[in-house]
Structure formats: structure tokens, C-alpha cells
Amino acid sequence: MKTMLFKHIFMKIKQNYKRFLSLLSMALLGIGFYAGIEACSPDMLKTLDKFYDDNNVYDIKVVSNLGLDDKDINSLSKIDGFDKVIGSYETDTYLKLDNEQYVVKVMGLNNNINNIFLEDGNLPNGNNEIVVEKKMLLDNNLSIGDSINILGSNKKIVGTVISPLYFSSERPSTNLGSGKVNYYAYTLEDVLKSDYYSAIYITLNNTKNMLTNSKEYKNVIDDAINKIDVIKEEREDEKYNELYGISINEDEFVKPHWYLYDRLDNNSYKELINASDNIKNLGNVFPLIFFGIAVLVSLISMMRMIEEDRTENGTLKSLGYNNFYITLKYVIYSLLATVIGGILGVFIGSYLIPYVIWNIYKKLFNIPIFLYSINSAYNMLGFWICILCICGTACVICIYNLKDVPANLMRPKVPKSGRKILLEKISFIWKRLKFSDKITIRNIFRYKSRVLTTIFGIAGCTALILAGFGLKDSIKNINDYQYSKIFKYDKMMIISENGDYEKLLNKINNEEIVNKAVDVNYQSISVLNGDIKQDVSLIVPNDFNSFNEVVSLIDYKNEDKIYDDILDDSCVISEKTAKLLNVSIGDDVTLLDNDNNSYTIKVSYIVKNYINQYMYVNKNTYNSLFGNYKVNSFLIDLNECTSDDSNDFDMEYIASKDAISIINNSDVKDVLNDMLSSIDSIVAILIIAAAMLAFVVLYNLSNINISERKREIATLKVLGFYVKEVDKYINRETIILTILGILIGLSSGSYLCHYIISTCEPDYLMFDREVFLLSYVFSALITIIFTIIVIVVTHFNLKNIDMVESLKNVE
Amino acid sequence: MAYIEFKNVNKVYKMGEVEIKALSNTSFEIEKGELVCILGPSGAGKTTCLNILGGMDTLTSGNVYVDGKCVNKLTGKNLIKYRRNDIGFVFQFYNLIQNLTVIENVELATQLCKNSLKPEEILDKVGLGDRMNNFPAQLSGGEQQRVAIARAICKNPKLLLCDEPTGALDYKTGKQILKLLQDTCRLEHMTVVIITHNSAISPMADKVIKFKNGSVSDIVINEKPMNIKDIEW
């Protein structure tokens with residue numbers, strides 16, 4: 001009995017190998033895509049975790065404005081749970097190459113912490129050797145073996161390295177040059193040795209066993225930071241006393257101050273975490289719909305097979321096989337197809353999709369390794385759903401079909417009776433239809449389950465494709481809009497607290513390259529509505545009229561409406577903030593300052609804003625809330641000028657110490673563009689995947705259609721239908737269903753797109769919720785192309801239907 | 001030359017390694033307007049012979065002529081054209097399209113050829129004038145077979161081929177169907193070929209071709225064919 005069963009199943013597969021393969025490929029696509037997308041984010045995190053663990057990257061970084069020494073290290077080392085506490089020497093210095101001045105961050109090599117990855121060449125052996133990042137060589141036509149003059153002497157470049165601290169394109173800010181580090185380099189520690197450490201890096205016990213950025217990890221870090229906070233003040237005071245003695249009046253000297261950073265304060269790290277979140281969020285809905293369609297079509301396919309085997313099963317039943325045995329046959333058949341397809345899918349998907357996505361992100365992140373992992377928890381879930389759906393249906397349909405006595409089963413099934421459709425009652429329309437149209441329409445209403453699956457399948461795929469294109473559209477223009485229509489200024493200069501800002505403003509306004517500089521107060525603040533809290537940038541203009549020239553407050557609903565004031569006792573917030581806080585115009589929000597004082601204020605306008613979140617209040621409001629308005633930043637709009645001019649400007653004001661730092665919008669825009677273009681590429685993958693699915697779905701359904709109607713088609717052939725006429729007879733339905741599917745898909749696709757945006761949009765970005773007309777056209781076109789391919793394949797399938805075989809008296 | 005000539009026809013099926021000879025050196029002739037019965041046990045090659053005659057199957061060697069046309073030389077569109085214009089088929093299991101009404105099933109055939117007959121008139125003739133808007137499933141077996149016959153003769157073919165037309169019907173209904181076929185032959189002067197394994201009905205035919213083991217074993221010509229009404233079995 002057992003061997004018979006497997007023989008039966010094996011024969012079944014051989015006989016129906018096409019169906020077996022299509023079931024298998026459905027499971028492969030559905031589960032593979034699901035598993036692959038789900039694997040991306042964990043893979044990226046694990047890669048980052050491994051990269052950081054392998055290189056002993058810090059958990060907490062301590063920096064002081066007055067430097068740190070061995071006493072600080074000693075007291076930090078005493079804290080329970082701290083593994084390594086290591087002081088590091090770092091310095092920012094100028095490097096002149098080809099008349100171009102760069103700022104290079106030079107760090108001392110330390111084997112104990114933040115180890116670097118050697119890409120090429122060797123590590124420095126003596127004080128006259130240096131290793132640099134590859135980009136520096138590429139940008140300046142240098143190669144290993146060349147010498148550069150840096151830190152006061154000639155140093156030979158002996159290798160290129162990747163620093164785990166700066167693996168993205170973003171470099172830290174500095175108080176040299178234009179305010180931004182251009183390249184990093186490493187020398188032996190001796191070269192940089194000074195009285196003070198530039199930073200102390202700390203690793204904690206056990207953090208290597210935790211996944212970085214996991215909740216568990218973050219809790220441990222928070223605990224550790226709290227522990228440092230306990231000794232922080234004591235250390236700061238001691239340092240003060242050490243420097244100035246106890247007796248002297250405190251106000252005259254700069255007080256020592258410790259700054260504590262964790263990994264999230266590192267830009268590279270944060271960018272990778274954001275990227276991993278993006279792909280995770282993007283993958284929430286897409287694969288699910290994908291998966292749903294695959295399961296549905298497999299289901300219909302299985303249903304059809306069991307119905308086709310009716311007579312055979314009747315025979316088996318009459319021979320004495322019980323229902324359980326027959327059902328088992330189909331359950332194992334479908335199990336084999338889904339399990340083999342599913343396992344293949346998990347393997348292929350978990351490697352291929354992260355591989356492709358990581359390759360896209362490689363442009364942004366210079367990490368030499370990548371960890372693939374088969375994330376069993378996720379896959380198993382998809383796996384079981386798939387198996388449950390398909391094998392479950394096999395069971396149900398079998399039980400339903402085997403209810404009858406064997407004698408009835410062996411007779412061909414009584415065909416479902418034709419039925420008049422509603423349209424026939426409207427005779428003035430029905431009469432006008434051509435004969436062939438009538439047949440088509442009636443057939444559409446006859447094969448309801450297949451027709452609905454086809455429409456749903458095509459609609460689903462079209463919607464997925466459209467959602468993909470819509471996502472691309474939604475991020476296409478936001479960067480330009482933000483930095484040309486909303487923010488017209490080019491630089492934000494944070495000015496030194498001590499100077500005379502009016503004088504400085506005047507000076508800057510008189511610079512040749514400056515069109516307009518506007519003085520504002522700029523700070524971070526938390527906004528709350530109930531429990532929902534968002535961190536926003538608060539901008540308070542000193543004079544609204546001049547502010548209006550560099551920032552446009554555009555109404556979020558009506559692009560033509562630009563506000564020309566900020567009302568008293570109220571605030572203006574960006575659209576995304578309003579959305580996240582769930583507030584509208586007229587509602588109150590709560591502001592929370594750094595000392596946890598809260599203030600309630602009304603929202604008077606909501607303005608368009610795509611990047612970051614902003615709040616604007618006027619000076620009066622600021623003074624009545626917090627008091628003591630103070631200009632701390634300039635928003636500077638430049639005339640047309642070269643980037644060199646702009647750079648010179650930055651260097652001048654950083655050098656004169658008038659500016660603490662200068663942020664160029666063009667830099668911000670570049671970083672953002674990199675990220676948006678990686679999202680763009682990922683979406684392209686989603687589109688390709690959806691298109692593949694569309695093809696498989698269409699092909700499968702068309703096969704089911706033909707197998708279901710073999711006898712009918714053979715009859716048409718006997719009657720003398722030409723090949724073209726048979727094609728038409730079948731394809732007219734396919735075309736109508738495709739058109740219906742496309743229409744439904746297009747109309748639901750824009751909603752799907754909005755939904756996906758709402759789940760995948762990071763808090764600091766607001767996507768345009770706009771789907772361009774062209775995207776509708778492309779989505780429809782892709783589906784139409786696949787329909788045409790399927791029609792061509794169908795043509796050959798129809799041609800191959802053997803009349804004699806199909807019309808044999810006993811089915 | 002006879003209206004239909006089957007000349008030294010061989011048909012070999014290949015089932016994997018095994019060769020099955022379905023027809024070997026089969027020859028017969030049929031005149032225009034004749035009612036012919038092909039008799040023989042199952043597996044004798046009757047259906048293969050009919051399928052070749054109807055352009056549904058190919059032969060391995062030999063020649064088949066219908067009205068001067070060499071059927072086995074026809075390919076592609078011409079073969080379809082032959083089925084379309086010259087042949088009417090009636091099967092044991094009717095092969096009606098379930099989703100079309102009676103009249104639509106007939107129209108499906110008539111829209112194909114130029115000199116087709118009026119579907120309503122033919123349905124009247126086969127006695128289904130009042131069932132035209134029913135679906136096949138609402139009809140009895142005999143009625144369904146009449147629709148199939150109506151569909152076949154509506155095309156006004158040169159040749160009406162019937163494969164066990166009464167095989168699935170009871171005695172009385174079967175007789176009615178045979179009557180319809182005989183009438184069609186006599187009144188419309190259509191050439192009708194009926195496959196049957198029931199030798200009792202052979203007296204109704206002008207010519208009886210007997211098959212045995214893939215070839216013609218005997219051809220009997222009835223000088224005075226009986227009216228089917230008078231035959232009992």
C-alpha cells in the first residue's frame with residue numbers, strides 16, 4: 001500500500017509535470033520573494049553587527065571640550081560592566097594637494113579598539129608612513145607609494161583602509177577649513193601623541209553577544225550612560241580644579257564639559273540603520289500581496305487537477321482505496337511541490353534578494369563583508385501559511401469530490417448547466433452584440449472562480465507594479481522642491497555665541513557672493529500631542545519679512561498659498577509633523593524644552609515640507625513662552641557662484657571663529673539623493689518581481705483555462721474553426737479579463753501606493769503622494785506585454801490540442 | 001471514380017516503443033447520397049477510419065478521396081477548410097457546448113460557412129423548434145443528440161459522419177435518432193456514414209462496410225434498404 005501510494009504520486013508528477021512545476025514555481029516565487037525581502041533588514045543589521053564586533057568598535061564614546069586624560073580613563077574603568085576603556089588620539093589637519101586644500105581627520109592606530117580594515121597595501125610601520133581611505137587616492141590621482149605632506153612632514157602612503165567609524169560618504173564636521181572633514185587617515189599613535197586624549201572609547205561586557213541596535217543592546221547602553229552620568233560631574237569639576245585651581249572666579253574660564261555619544265550618534269552607523277529600516281518597512285506590504293496572489297493561483301490550480309482526475313479517483317475508489325488514501329495522494333503531491341518550491345525559494349530568495357539590495361547599498365556603505373542568513377522564523381511562517389493553504393485546499397476539494405459513490409465518480413461529471421445572464425434580459429443591448437461577443441460574455445459569467453482569480457491576480461500584479469512606480473514618483477521631486485521652493489537659502493551658519501551678531505550679519509550681507517543672510521534662532525525641540533512625541537527643528541526669525549525671502553511657508557494643501565506672517569501665540573508646523581502628531585489647524589500642541597518644561601500652543605498653519613520636521617514661531621511668541629530671544633544662526637542665500645567661492649566663504653568664517661559650523665544644503669541634498677536613489681533602485685527590484693509574478697499568474701491561469709475547456713476547444717476544431725478563430729474564441733476572454741484587471745489594478749494601485757508610503761516613510765521624510773500619469777501607462781503596458789506573450793504561448797497550446805484524444809468518448 | 005474512395009489506407013500508432021496497427025490496407029468506396037453503416041467490434045478500426053475521413057486524423061499510407069479531393073494531401077488551413085465546409089460530425093457524447101443555448105450551438109456552426117442552412121428551420125425539422133432557447137443540460141440525451149445532428153447538418157456538409165450516435169441512448173430514442181439520420185440522407189440527399197457495433201440496424205443502410213482487426217472484412221450492398229421504423233432489435 002505504501003509503495004503503491006508513492007508510485008501513484010510519482011506517476012502523478014510525471015503525468016502532470018507542467019502543473020507540478022507551476023505549483024513549484026509559485027511557491028518558489030511567493031515564498032522566495034517574501035523570505036528575501038524579509039531577510040534584507042536583518043542581514044544588514046547582522047552585517048553591521050559583525051563588522052563592528054570584528055573590529056572592536058566602541059559602544060560609548062566620551063569627548064570633552066578640554067580633552068581627557070588617564071585619570072578619566074581610570075575612573076571610567078572602575079565602572080561595573082565596562083570592558084575596555086581606551087583613550088584615542090585624533091586630530092584634524094590641512095592637506096594641500098594640487099593647490100586644493102583639504103581637511104583630513106588623522107587618527108592614531110590602536111589595536112584595542114575601532115580596528116580598521118586593510119583594503120590594500122600594509123599598515124604603517126614607522127612614523128613617516130600613513131594609511132588613507134581609498135577615495136582620497138581616487139579623487140586626487142594618488143597611489144600607494146606616493147608621499148603626502150601632512151602633519152608637518154612627508155609621509156608615505158602605504159595602504160588604503162576602511163574605518164568602521166566612517167564607512168558611509170558622510171564625514172564628521174570640524175572647526176577647520178569649510179567645517180567638514182574631507183578624508184580620514186591613520187598613522188601610528190606616536191605621531192599624534194599629546195597631553196590629552198581626543199576621545200575615550202568604551203566597549204561594554206556582553207554587548208558583543210547582542211545584536212547592535214536591538215532593544216536589548218540599547219537598554220544596556222542606556223544603563224551604561226546613566227552610570228557615566230554619575231561620575232561625569234565629579235570628573236568635570238576635578239578637571240576644572242586641576243586647570244584653574246579652586247579659588248578663581250568660575251565665570252572667566254571655559255568649563256570642562258563631557259559629551260557622551262553612542263553608536264547612533266555616528267552618521268555612518270545611523271545611515272545604515274535607517275537604510276535597514278527603509279527596506280524593512282518597504283517590505284511589509286509588498287511581499288504579502290505577492291504571497292497572497294501566489295497562494296491563490298496555486299489553490300485554483302490544485303482544485304482543477306483534482307476535478308480533472310475525477311474518473312481516475314472513482315476507479316481507485318471502486319477498487320477499494322479509501323478516501324483517505326486518495327486525499328493523501330494529492331496532499332503529498334501538493335506538499336512536495338510547495339515544500340520543494342518553498343525551500344528553493346527560501347534559499348534563492350534569502351541570497352539573491354539581499355545580494356541585489358546590498359549591491360545597491362554598497363554605493364553608500366563601504367563595508368567589506370556581508371552576512372547572508374536564512375532567517376528561519378520569518379520563512380517558516382510564510383512556509384506554513386503556504387502549505388496550509390495549498391494542502392488544505394487539496395484536502396477540502398478531495399473530500400468534497402469523493403463524497404459521491406464510485407459509479408458516479410467514474411461517469412464524467414454532469415457539466416454545469418449554462419445559464420442566461422442578466423444582460424440577456426436587456427434585449428436591446430444583447431441583440432446588438434455579435435454572436436462571438438455573446439459567447440465571450442456568457443463564458444466570463446460561467447467560469448466565475450477562474451475569472452475572479454484572473455481579474456484579482458492581474459489587478460494585484462498591476463497594482464503592485466503601479467505602487468512601485470508610484471513610490472518612485474513620490475520621492476522623485478521632494479529633494480528639489482525642498483531646496484528650491486521651500487528653502488531658498490544655501491547655507492545655515494551657526495554663529496559663535498560671543499560675537500556681535502548684527503555686525504557679522506552686516507558683513508556677510510555685504511559679501512559679494514551673498515544675496516541675503518537672515519538672522520534666526522534655530523534649535524531642536526520636542527512637540528507632543530498626548531503621548532505622541534516628535535523632535536523638530538524650531539526656527540524663530542528675527543525679522544519675518546527678510547526671513548520670507550529665504551524660506552517660503554507654503555500651505556500644505558494649496559501650493560499657491562504662501563503665508564506672509566506667523567501669528568502671535570501660535571505656531572506653524574510642517575505637514576509631516578501634523579500627520580504624525582495627528583493634529584490639524586486650530587489644535588493645540590505641547591512644546592517640551594531641554595529642561596522638560598512644557599508649553600501649550602495652537603497650530604495656526606500647516607506648511608509643505610518634505611525633509612526633516614520644522615516648527616516656526618514668531619519672536620513675540622518665543623519671548624512669551626521661553627523669554628530671552630537670541631539670534632544663533634544665519635540662513636544665507638547665495639548669488640550664483642562656484643562651489644570654490646562658496647567653500648572659500650566657509651573657510652573664511654570658520655577660520656575667523658565667527659561661525660561654529662556651516663551646513664551647506666547642497667551637501668544635505670547630496671546625502672539625501674544617495675539615499676533616495678537607493679530606495680529608487682530597490683523599488684525597481686520590487687517592480688521587476690511584481691512583473692515576474694504577473695507573468696506566472698497569467699500563464700498559469702491561461703493553462704488552467706485551456707485544460708478546463710479542452711473538449712470545448714476540440715469541438716470547435718472539429719467544427720472547422722480556423723486556428724485564428726480558436727485563438728480569438730479563447731483570447732477574447734483573456735483580453736477582457738486583462739483589461740478589467742488592469743483597470744481595477746490601476747485604481748487600487750494608487751491606494752496601495754499611499755498605504756505603502758505610509759508604512760515605509762521614515763519620520764524625517766515626507767514623500768509626495770503623487771503617482772504620475774506615465775506610471776499608470778507603464779504599469780498597464782507591462783501587464784499588456786505579458787498578456788501578449790501569454791496569448792502567443794496559448795496559441796501554441798491551443799494548436800497542440802488533439803481533437804481525437806480530447807473527444808474520446810470516455811473522459 | 002466514386003464520390004468517396006478509401007484506397008489501401010494504413011494507419012500505425014506509435015505508443016512509445018510499440019507500434020499499433022489501427023488500419024491495414026483498408027479500401028472501400030461510397031457513392032454520393034448513400035447511407036452507409038460501418039459495422040464491427042470495438043478496436044476494429046472504425047473510428048480511426050471515420051476520423052481520417054473527417055480530416056481529424058492523419059493516415060500513414062494510402063489515399064482518401066472525397067468528391068475528387070485528396071484529403072490526406074490537405075494540410076493546415078486547407079484541412080480545416082475541408083472540415084469546415086465539407087464535413088458534419090456527430091459524436092456518441094454529443095459534445096455540445098454547455099454554455100450555449102440550443103440555437104446558439106447550431107449558430108456556432110452556421111456562422112462558419114457560407115451556404116449554411118437556417119438554424120431555426122433545421123431545429124424545427126429535428127423537432128426542437130420549441131426548445132431553441134434551452135441549454136443542453138436542460139435536454140434529454142436524445143434531444144441533445146438531435147441538437148448535435150442539427151448542428152452538423154446545418155453546415156450543409158457533403159458528408160455527415162456519425163460515430164456511435166445512439167451509443168448513449170435508449171432503444172426508443174436511438175431509433176428516433178437513426179430515423180432522423182435516414183430521413184436526412186433520403187430527403188436532403190446527404191451522404192451519411194454511421195458507425196455502429198449493432199449489426200441489427202444494418203438493413204437501413206444502402207451499404208454496409210464490415211470491419212475486423214483493422215481492415216474491411218466484407219462489404220454488403222442492400223438493394224432494398226429498409227425503413228428504420230420497420231426494423232426491430
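1. The buried residues of helix α2(B) pack against α24 of chain A, together with β4, β6 (87-90) and β7 (159-163) of chain B. Helix α2 covers residues 76-86 of chain B, and its buried residues are B:I80, B:R83, B:R84 and B:D86. A residue is called buried here if 20 or more other C-beta atoms lie within 10 Å of its own, exposed if 12 or fewer, and partly exposed in between, with C-beta atoms placed from the backbone. Helices (H or I, at least four residues) and strands (E, at least two) are DSSP runs, numbered from the N terminus.

2. A word on what you are looking at: this is a predicted model, in which local features need pLDDT of at least 70 and side-chain atom pairs count only at pLDDT 80 or more, while totals for chains, interfaces and linings use all residues. Residues are numbered from 1 along each chain as its sequence is written, and chains are lettered from A and ligands numbered from 1 in the order in which they are written.

3. Please look next at helix α3 of chain B, residues 102-110, which is mostly covered: 8 of its 9 residues are buried. These are B:V102, B:E104, B:N105, B:V106, B:E107, B:L108, B:A109 and B:T110. Their cover includes α15 and α24 of chain A, along with α4 (119-125) and α5 (141-154) of chain B.

4. Now for the interface as a whole. On the chain A side 21 residues are in contact with 25 residues of chain B, where contact means that the C-beta atoms of two residues, placed from the backbone, lie within 7 Å. Helices α15 (435-446), α24 (710-719) and α27 (803-806) of chain A each supply at least two residues of the side that touches chain B. That side of chain A divides into 10 nonpolar, 6 polar and 5 charged residues. In this count Ala, Val, Leu, Ile, Met, Phe, Trp, Tyr, Cys and Pro are nonpolar, Asp, Glu, Lys and Arg are charged, and the others, Gly among them, are polar.

5. Chain B as a whole has 6 helices and 10 strands. Its radius of gyration is 17 Å, close to the 17 Å that the globule rule gives for 233 residues, so chain B is as compact as a globular protein of that length. The radius is taken over C-alpha atoms, and the rule is 2.2 Å times the number of residues to the power 0.38. Along its principal axes the C-alpha trace of chain B spans about 50 × 45 × 35 Å, and 51% of its 233 residues count as buried. Of the contacts in chain B with a separation of 6 or more, 70% are between residues 24 or more positions apart.

6. Within chain B, 4 strands form an open sheet in the order β2-β1-β4-β5, with antiparallel pairing; strands pair if DSSP finds at least two bridges between them. The edge strands are β2 (18-30) and β5 (69-70) of chain B, each pairing on one side only. Strand β4 (residues 61-66) is joined to β5(B) by 2 bridges, and B:V66 has B:K69 as its bridge partner in β5(B). Helix α1 (residues 46-53) of chain B lies across β1 (4-15), β2 and β4, running at about 65° to β2(B). Such angles run from 0 to 180 degrees between N-to-C directions, with axes as lines fitted to C-alpha atoms, for helices over the stretch in contact.

7. The bridge partner of B:K207 in β10(B) is B:I221. The hairpin has 2 residues between the strands, and B:N213 takes a positive phi near 50°.

8. How is chain A divided into domains? The assignment, which is automatic or from a database, gives domain 1 (8-45 + 274-476 + 673-806), domain 2 (55-269) and domain 3 (497-657). The C-alpha centres of domain 1 and domain 3 of chain A lie 51 Å apart. Their contact takes 4 residues from domain 1 and 8 residues from domain 3.

9. Finally, chain A has an open sheet of 4 strands in the order β2-β10-β1-β11, with antiparallel pairing. Strands β2 (82-88) and β11 (258-262) of chain A stand at the edges, each with a single partner strand, so one side of each is left without a neighbour in the sheet. The twist averages 20° from one strand to the next.
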